[in-house]
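Reader: I am new to this structure and would like a careful look at one part of it, namely the charged side chains and what surrounds them.

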Amino acid sequence: MLRLPGLYLGLPMWANAEWCGSLYPPYAGQEGWLNDYARVFPAVEGNTTFYSGAPRAETVAAWARMVPPHFRFCFKLPAALTHGKRLRDVEADVDAFLDALLPLHSHLGPLLVQLPRDFGGSELSRLEALLSRWPNGIPCAVEVRHPEFFHKGTAEVDLNRLLITYGADRAMLDVRPLFSTTAEGSPALAHAQNEKPRCPLHVLSTGEQPLIRFIGHLDEAINRHYFQPGVAQIKLWINQGKTPFLFVHTADNRQAPQLARELYQALASDIGLPPLGDFAGERQARLF
């Protein structure tokens, strides 16, 4: 697999049957998806842990065998801890979650602490309790969604200072393309707009591994319009010695691999990155 110097590019998951025929060969068995995925993309979000908690030990061990040394998993902390318990008295649960991922510790990118939409400044002490005992060898990113963290007031200042103190990155959720039009006539777009928070984009790096989650539109021109100005910022981070993580979503994620490739090409031409690897499904189609 090709390594992308200074940048980790990925998708929200690797297990998606909609990608058979493009990223994966037609009718490819699920057992080969991660291997094919890792030949193209050097990182992946781990959304399943948000809903299901830590995977089984044998599953984690199998994943570790399937990916190259520089591949990174960016799992989400389970919602039971962030949304259910709201980070209250979760020390033992977090330890158990991280222990379950032990076979992958050398493959871990920033683990994402996605906080509820109503988790505001008054609860930052719980986030600090979590970050103060976070293991040094595992990167951490925090995604906030409460409006008071986007108004440059006391709550946002306190949040950013907290993240800088503990070397955690503030995850940047870019939903501008998604909400740039109405969803009339598109159930997929309507579902995504209902699911995602309409948060402003505050571009800043509070740690060493800036994490961007780009939520694309179904219209390619809209995606290019919103992404192109960010190329210079990603280039700046790389030149500063930081390691950005860029995760690309689309409304229903059917076209996420293609959009990720397109955005990467915009970066590659400006920054001088090597070409992205071929998609296995497309490569097989060319052979026949």
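How many salt bridges does the count come to, and which residues do they link in a network?

Author: This is a predicted model, in which local features need pLDDT of at least 70 and side-chain atom pairs count only at pLDDT 80 or more, while totals for chains, interfaces and linings use all residues. Residues are numbered from 1 along each chain as its sequence is written, and side-chain values use heavy atoms, with hydrogens and water left out.

If a salt bridge is taken as a side-chain nitrogen of Lys or Arg within 4 Å of a carboxyl oxygen of Asp or Glu, the count comes to 18. A network of such bridges links Glu 45, Glu 143, Arg 145 and Arg 213.

Asp 36 bridges to Arg 39, with 2.7 Å between the closest N and O atoms; Asp 36 is buried at 13% relative accessible area, whereas Arg 39 is partly exposed at 43%. Arg 261 forms a salt bridge with Glu 282, where the closest N and O atoms are 2.8 Å apart. Because Arg 261 lies in helix 11 (residues 256-271) and Glu 282 in helix 12 (residues 280-287), this pair ties together parts that are 21 residues apart in sequence. Helices (H or I, at least four residues) and strands (E, at least two) are DSSP runs, numbered from the N terminus. Glu 282 counts as partly exposed, at 23% relative accessibility.

Contact means heavy atoms within 4.5 Å, and, leaving aside neighbours within four places in sequence, Asp 174 is in contact with Leu 201, Arg 213, Phe 214 and Ile 215. Asp 174 lies in strand 7 (residues 172-174) and is buried, with a relative accessible area of 4%. The side chains of Asp 174 and Arg 176 are joined by a polar contact of 2.9 Å, a term for a pair of N or O atoms within 3.5 Å; within protein, one must be able to donate a hydrogen and the other to accept it, and residues adjacent in sequence count only if both atoms are side-chain atoms.

How values were computed
Buried means under 20% relative accessible area, exposed over 50%, partly exposed in between (1.4 Å probe, protein chains only).
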